[in-house]
Amino acid sequence: MNHSHLRSPALRLLLAAPLCLAGLTGCGTAAGSTPAARPPTATASSAPSASAAEPLAGRTVVLDPGHNPGNVDHTTEINQQVDVGNGHKECDTTGTETDAGYTEAAYTLDVAHRVRALLRAEGATVILTQDGDRPWGPCVTERAAIGNNAHADAAISIHADGGPASGSGFHVILPATVVAGQADTTAIVGPSRRLGLLIRDDFKAATGEQFADYVADQGLDTRGDLGGLNLSKVPKVFIECGNMRNAGDAQRLTDPQWRQQAAQGIANGFTAYLTGDAG
Ligand code: ZN
């Protein structure tokens, strides 16, 4: 199916303006944009509490770039079974890739770096579960533990899907209520849903990507089989940013400017969640 080919270019143009703030190429002189002035950095005397310039000061976000570029060479290690509370799963998986060979692991790490930069600019402390700095993994159990041990205010696992080639779009995965073994998501189901709704809406607004048409409902799925969610004690969601096996999605996922929009959408969701009244 062809999706919104008429609408997309217009959306892209509208969405190009925020990118210029990041100093990316392609901004040109269009739109007469005078970026909203923002103090470069807080002064040394500023209090540690949140301020207009750094609304996320004192907050901690854990970003989990799904998979690892090295997993493909460490199948024995990543195929170890780990306890996710209500069952056992592989320690980690290799992830998917586009037909052209752009890997999900490369994608997730790139987007995580972009989200990290955006959230740090707002004053947040940002922790990555892996930064291409280990040969494989970590296991999904450790990915959850990193967020727990950091007492993160919120966490996300970033992915891109390997769905049917005919399917496109993105979706956010929320934790189901799972109480089994080491898993007890009772306390995080509510806040994770609020986080997921905000990230879904902000991701859609920033990228123009449609809700997945082959899985989930209105861009939302709820799952009790993911160790990274089952074992989390902090509000956490997964995002499948698109379908790498779909030609249109693959083209967007491969585009650095689109990835910046994706990162902006995710960061906006965190900011809304962490600065919201019910945060
Ligand atoms: Zn994945």
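Visitor: What makes strand β6 (residues 171–175) count as mostly covered?

Guide: Five of its five residues are buried, a word used for under 20% relative accessible area, with exposed meaning over 50% and partly exposed in between (1.4 Å probe, protein chains only). Strands here are DSSP runs of E with at least two residues, and helices are runs of H or I with at least four, numbered from the N terminus. This is a predicted model, where local features need pLDDT of at least 70, side-chain atom pairs count only at pLDDT 80 or more, and totals for chains, interfaces and linings use all residues. Residues are numbered from 1 along each chain as its sequence is written, and side-chain values use heavy atoms, leaving out hydrogens and water.

Visitor: Which residues of β6 lie on one side and which on the other?

Guide: His171, Ile173 and Pro175 share one side, Val172 and Leu174 the other, and all are buried.

Visitor: How do you know that β6 pairs with β10?

Guide: Two strands pair if DSSP finds at least two bridges between them. β6 and β10 (residues 236–243) have three bridges, in the antiparallel sense, so they meet that definition. Val172 has Ile239 of β10 as its bridge partner.

Visitor: What joins β6 to β9?

Guide: Four bridges join β6 to β9 (residues 220–223), and these strands run parallel. Ile173 stands opposite Asp221, and Pro175 has Arg223 as its bridge partner.

Visitor: What is the order of the strands in the open sheet?

Guide: The six strands follow the order β4-β1-β5-β10-β6-β9, with mixed pairing.

Visitor: Why is one side of β4 and of β9 left without a neighbour in the sheet?

Guide: Both β4 (125–128) and β9 stand at the edges, because each has a single partner strand.
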